[in-house]
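Hi,

Here is the structure I promised to pass on.

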Amino acid sequence: MATVTALRIQNLHKDHGRGPVIDDLNLTVESGEFVCLLGPSGCGKTTLLQLIAGLDRDYSGDIEISQRDPRVLRIGYAFQEPRLLPWRTVRDNLSLALPAGMNPNKINRFIDTVGLNEVADQYPNTLSVGMNRRVSLVRAFAIDPDLLLMDEPLVSLDAPTARRLRTWLVKLWEARAHTVIFVTHDLREAIEIGDRILFLSASPLEVLADIPVAIERKNRNPEAIESFSTHLKTRYPSLNGLL
Amino acid sequence: MTNTPAVGHAKIHQGLIAIGSILLLALLWQLIAVQEASPLLPTPMRVIEVLWQESVSGRLPHHLGMTLARLIVSFLISMILGTAIGIALGRTPRLDQFFSTWLVIALNIPALVTIILCYVWFGLGEFAAILAVVVNKLPQVIVTVREGARHLRQDLLEMAEVYRFGPVKTLQHVLWPQLFPYIMTAGRTGLALIWKIILVVELLGRSNGMGYQLHLFFQTFDVASILAYSLAFIVIVQLMEWTILVPLDLKAQRWRR
């Protein structure tokens with residue numbers, strides 16, 4: 001299958017006023033690719049996602065996202081906090097995010113598929129933190145996005161919950177093959193779910209290394225992940241600060 | 001939203017206490033009135049008798065109706081205007097900086113002054129009466145709603161932007177639920193404020209309504225009628241609270257449990 005570029009960033013430069021946060025960043029993501037951005041906290045990963053999402057238009061350079069529907073660009077964004085509307089039920093939170101013209105019945109089928117049926121008519125406050133994250137991820141998938149941005153969506157969950165959600169997330173992604181940009185600071189997480197890992201430097205943000213995860217998805221057990229991580233550390237000693 | 005038996009019992013208990021305290025108040029009143037035996041302090045029974053006569057004659061419903069109509073019109077106008085201005089000020093710091101001194105002045109003008117000025121400038125008519133009430137009430141609505149608009153959650157607004165909610169959906173599902181508690185507060189305190197002001201407005205410049213009637217009774221020292229009319233008004237305002245405000249509040253807050 002010929003690859004199609006889903007996202008192309010060229011000469012991106014962003015300055016908050018106290019020196020550049022992002023300086024001359026170039027980045028290409030192919031359609032259907034799951035790319036992990038790995039970098040120290042505060043390196044500007046969230047800023048980068050906000051620029052891509054169009055929440056902040058004060059930058060120079062080019063951000064091109066290919067969209068299937070020429071009228072509207074669809075971006076699914078799983079924020080670090082779930083950002084659900086507390087005064088709307090899970091079902092309403094999901095259907096409100098659907099773009100105009102998308103069949104609202106789609107959401108009911110989707111709720112079924114992802115196993116949210118039991119909580120669909122509850123308010124987010126009554127659900128666990130993990131469940132709120134899940135709903136927020138489902139919302140990002142439900143709009144059938146051109147590009148899916150995830151900003152550490154599994155951070156500060158307890159380990160078993162995070163593991164369960166990670167597996168569930170990969171399944172969700174495999175069924176639809178959306179283009180994903182996934183921000184994390186956890187190398188093992190990145191190895192487990194990514195096609196490719198971009199190692200980012202601290203501010204100003206640049207790409208230090210661009211490494212494909214050379215393990216087939218079905219073989220990504222804890223041992224394989226551990227040995228790949230060791231391999232990276234010996235192969236790229238310069239990245240040790242990040243790993 | 002299910003009422004467990006314990007909650008039900010607590011409610012009945014509360015109700016009994018409320019009834020008990022009202023009965024005690026009436027009893028005290030009765031004792032003092034009998035003791036004094038003066039037309040200036042009629043007994044509760046006498047007041048209820050007058051209340052009945054005035055209701056049957058149609059006078060009380062007529063004047064109460066006039067006052068309620070003014071109350072509703074001025075309440076709605078000040079709520080709608082105040083909410084719009086409050087949101088604008090809360091979301092635009094520059095506008096807010098400029099107009100906040102105006103607000104401080106408006107908040108501190110005595111109600112009586114605005115009432116007199118409205119009548120002097122616009123004549124002793126219905127327009128001036130409504131305007132006087134609105135001008136008195138408006139600054140307080142603005143200040144309360146502005147507070148709400150200042151504290152809107154930025155993270156949810158960003159979410160709405162990413163998911164392309166558009167202005168209508170954003171207003172309905174993101175902004176309104178956050179502003180609602182502030183608007184309710186403004187409405188509650190507003191109702192209490194307006195019905196006190198409106199009587200003065202009527203007393204000074206109208207020829208019907210509760211304020212006008214109270215003025216007449218004052219001239220004849222007819223305390224029984226004054227108390228009867230007050231009682232009717234208290235009951236009506238409390239009914240509005242129970243049948244309109246409380247259900248609205250419950251409906252909007254149900255997600256909090």
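This is a predicted model: local features need pLDDT of at least 70, side-chain atom pairs count only at pLDDT 80 or more; totals for chains, interfaces and linings use all residues.

Three strands make up an open sheet in the order β2-β1-β4 (chain A), and the pairing is antiparallel. At the edges sit β2 (20-30) and β4 (60-65) of chain A, each of which pairs on one side only. On average, neighbouring strands in this sheet are turned by 10° against each other, ignoring direction. Between β1 (residues 5-15) of chain A and β2(A), which run antiparallel, there are seven bridges. If you want one to look up, Lys14(A) has Ile22(A) in β2(A) as its bridge partner. There is also a helix on this sheet: α1 (residues 45-53) of chain A packs on it and touches β1, β2 and β4 of chain A. The direction of α1(A) makes about 120° with that of β1(A).

Next, the cavity. The count comes to one cavity of 30 Å³ or more, and the largest cavity holds about 60 Å³ of space. Which residues line the largest cavity? From chain A there are Val72(A), Leu73(A), Arg74(A), Ile75(A), Ala97(A), Pro99(A) and Ile143(A), and from chain B there are Val162(B), Tyr163(B) and Arg164(B). By class, that lining has eight nonpolar residues, two charged ones and no polar ones.

Val162(B) is one of the buried residues of α7(B), along with Leu156(B), Leu157(B), Glu158(B), Met159(B) and Ala160(B). What covers these buried residues comes from both chains: it includes α1, β5 (75-78) and α4 (129-142) of chain A, together with α3 (59-91) and α8 of chain B. Arg164(B) follows α7(B) and has a positive phi, near 55°.

That brings me to backbone angles. Most residues other than glycine have a negative phi, so a couple of further exceptions may be worth a look. Glu152(A) is not a glycine, yet has a positive phi of about 45°. Glu152(A) is in the loop between β6 (147-151) and α5 (159-176) of chain A. Is Glu152(A) buried or exposed? With a relative accessible area of 9%, Glu152(A) is buried, because that value is under 20%. Phe221(B), also not a glycine, has a positive phi of about 55°, and is found in the loop between α9 (210-219) and α10 (223-253) of chain B. Phe221(B) counts as exposed, because its relative accessibility of 54% is over 50%.

Thr114(B) is in helix α5 (residues 111-122) of chain B and is buried, with a relative accessible area of 9%. Leaving out residues up to four places away in sequence, Thr114(B) touches Ile109(B), Ala132(B), Val135(B) and Asn136(B). Thr185(B) belongs to helix α8 (residues 166-205) of chain B and is partly exposed, at 42% relative accessible area. With residues up to four places away again not counted, Thr185(B) touches Thr144(B) and Gly190(B). The C-alpha atoms of Thr185(B) and Val145(B) are separated by 8.9 Å, while the two residues are 40 residues apart along the chain.

Cheers

Note on methods. Residues are numbered from 1 along each chain as its sequence is written. Chains are lettered from A and ligands numbered from 1 in the order in which they are written. Side-chain values use heavy atoms; hydrogens and water are left out. Two strands pair if DSSP finds at least two bridges between them. Helices (H or I, at least four residues) and strands (E, at least two) are DSSP runs, numbered from the N terminus. Axes are lines fitted to C-alpha atoms, for helices over the stretch in contact, and angles run from 0 to 180 degrees between N-to-C directions. Contact means heavy atoms within 4.5 Å. Buried means under 20% relative accessible area, exposed over 50%, partly exposed in between (1.4 Å probe, protein chains only). On a 1 Å grid over the protein atoms alone, a cavity is a set of points where a 1.4 Å probe fits but cannot get out, and a pocket is an open set with protein on both sides within 12 Å along at least five of seven lines; lining residues have an atom within 4 Å of a point. Grid points are joined across faces, edges and corners, and a volume is the space filled by probe spheres set on the points. Ala, Val, Leu, Ile, Met, Phe, Trp, Tyr, Cys and Pro count as nonpolar, Asp, Glu, Lys and Arg as charged, and the others, Gly among them, as polar.
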